[in-house]
Amino acid sequence: MIEAQIAKMLAYGHFSRELVALYLHRIVACASASAVGAFTVIFVYQLFDGSLFAALVVFGAMYLGTGIMVVPAAQLLNRFGIRTVLLFSFPFIIVGHAALFFLATGYVTDSVSVILLLISYIVVAILYRVLYWIPYNTDMSILLDRSRRGTQVALLSNIADINVATMPFWAGLVVAFWGFGWLFLLAAALTLLSVIPLFWTKNRHEHYSWTYVETLRALFAFESRPLLWGYSARGVQDGVQIVLWPLLVFLLLDQEYIAVGAITALTFFAIIIIRFFTGRLFDGGKKVRILTWGAALSATGWIMKMAVVTPVAIFVVDTYHGVGRIMNQTAIDIFAFEQAADNGRFVDEYTVLKELSLSIGRTFVLLLAGIAAWFGGAYAGFGIALLAAAFATLGTIRLARQQPL
């Protein structure tokens with residue numbers, strides 16, 4: 001019965017065989033990312049005896065390195081093709097999970113080895129990110145149906161979320177009863193499983209035509225300012241949502257792993273329906289309106305998060321914010337795929353500019369949080385970061401003004 005309903009929805013959305021394969025891959029990959037996402041940040045935080053600075057440095061270095069390496073990675077598309085470069089990325093994330101496993105299980109105890117393993121994790125995580133996201137987003141831009149991008153992105157994202165919504169809860173149980181090491185092994189296994197559907201896609205070749213200098217010139221050009229401001233703003237929100245908010249929730253919930261996982265899972269379930277609804281509105285011609293509504297709700301949600309103190313408040317406010325964030329980010333994603341496709345032969349160049357802008361925003365907000373924490377303590381860092389995310393959310397509206405390159 002469930003399979004029949006899914007088949008009916010896929011038929012309604014006019015999904016090609018390759019698009020289904022690409023999203024089957026993404027569904028499994030999302031399960032892996034959902035399992036370890038918040039808990040990797042918490043693990044690094046605890047590895048250094050509750051140091052917020054350690055978490056900010058590790059993830060800040062990761063985002064900065066991603067921005068530096070994204071252009072050389074995109075140039076690999078010229079020689080190897082989209083699918084091949086995508087497949088190149090997976091050995092690196094497996095090595096990254098292995099490094100975290102050795103750190104978590106106590107095989108390495110001296111400080112020098114711990115630092116070296118952590119540096120190794122940062123390096124392979126950077127290589128994974130730059131080799132994965134450029135070809136993945138480029139292929140998605142090509143495969144999405146021009147007239148149904150909103151419905152397709154929303155529907156496929158909902159199917160993925162339904163599949164992975166409980167993963168944070170199970171991850172919390174794994175960490176609470178068996179430790180972080182088993183969680184990283186689970187993530188590695190799911191990552192390997194996600195590779196299989198990629199062999200059902202074609203190995204398209206896109207020619208990345210810009211040098212490093214030309215890429216930077218294009219990024220800061222006048223016509224790219226909406227993209228730069230919009231995606232840097234999205235990056236600010238990502239940095240807070242991925243790194244700082246999970247740590248704040250962890251501290252507010254008295255460092256209970258199961259509680260963190262349960263709250264995250266419940267929030268997932270509460271907002272799934274919103275994404276499909278906004279996706280259909282987007283196809284109905286209300287592009288800028290959805291982006292604006294989502295930005296307003298998300299911005300007020302960030303402000304409200306500054307006042308939460310109880311588990312119930314965390315769930316209610318996170319759900320409210322999640323509604324706005326899903327509306328805003330679904331609209332952003334659809335704008336990205338639409339504008340990348342509209343750029344024709346520059347589809348991969350547009351994707352690179354987007355990733356560079358995201359890296360700028362993510363690095364900036366973690367640096368800002370670190371400076372605030374240095375002068376005012378950890379909670380000052382959290383507060384400034386949440387405030388920055390609220391203001392940055394309004395900047396995503398500028399994406400609606402982006403023109404083809």
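S34 lies in helix α2, which spans residues 17–47. Helices here are DSSP runs of H or I with at least four residues, strands are runs of E with at least two, and both are numbered from the N terminus. This is a predicted model, in which local features need pLDDT of at least 70, side-chain atom pairs count only at pLDDT 80 or more, and totals for chains, interfaces and linings use all residues. Residues are numbered from 1 along each chain as its sequence is written, and side-chain values use heavy atoms, with hydrogens and water left out.

**The chain as a whole**

- The chain has 16 helices and zero strands.
- Of its 405 residues, 57% count as buried. Buried means under 20% relative accessible area, exposed means over 50%, and partly exposed is in between, using a 1.4 Å probe and protein chains only.
- Among contacts in the chain with a separation of 6 or more, 87% join residues 24 or more positions apart. A contact means heavy atoms within 4.5 Å.

- Setting aside neighbours within four places in sequence, S34 is in contact with V164, M167, P168 and F268.
- Now look for A388 in helix α16, residues 378–395. A388 is buried too, with a relative accessible area of 17%.
- With neighbours within four places in sequence left aside, A388 is in contact with V236, V365 and L368.
- A388 and A369 are 19 residues apart along the chain, and their C-alpha atoms are separated by 9.2 Å.

**Helix α10**

- In α10 (residues 212–219), the buried residues are T215, A218 and L219. They cover an arc of only 100 degrees around the axis, which puts them on the same side of α10. That arc is taken from the directions from the helix axis to the C-beta atoms.
- V213 and R217 are exposed residues on the face of α10 turned away from its buried side.

**Helix α11**

- Helix α11 (residues 225–252) has 28 residues and reaches 38 Å from its first C-alpha to its last, close to the 40 Å expected at 1.5 Å a residue. The expected span is 1.5 Å times one less than the number of residues.
- A kink of about 40 degrees lies at L244, shortly before the proline P246. The bend at a residue is the angle between axes fitted to the seven residues ending there and the seven starting there.
- Because 24 of the 28 residues of α11 are buried, this helix is largely enclosed by the rest of the structure.
- Just after α11, D254 takes a positive phi of about 55 degrees.

**Aromatic rings and charges**

- The structure holds 20 aromatic pairs. Rings of Phe, Tyr and Trp (its six-membered ring) pair if their centres lie within 6.5 Å; planes under 30 degrees apart count as stacked, over 60 as edge-to-face, and the rest as tilted.
- F102 and Y107 form an edge-to-face pair, with 5.7 Å centre to centre and 70 degrees between the planes. F102 is partly exposed at 38% relative accessible area, whereas Y107 is exposed at 60%.
- One aromatic cluster is formed by F43, F180, F184, F250 and Y257.
- The charged end of R26 sits over the ring of Y136, 5.7 Å from its centre. This label needs NZ of Lys or CZ of Arg within 6 Å of the ring centre and within 35 degrees of the ring normal.
- The charged end of K305 sits over the ring of W245, 4.2 Å from its centre.
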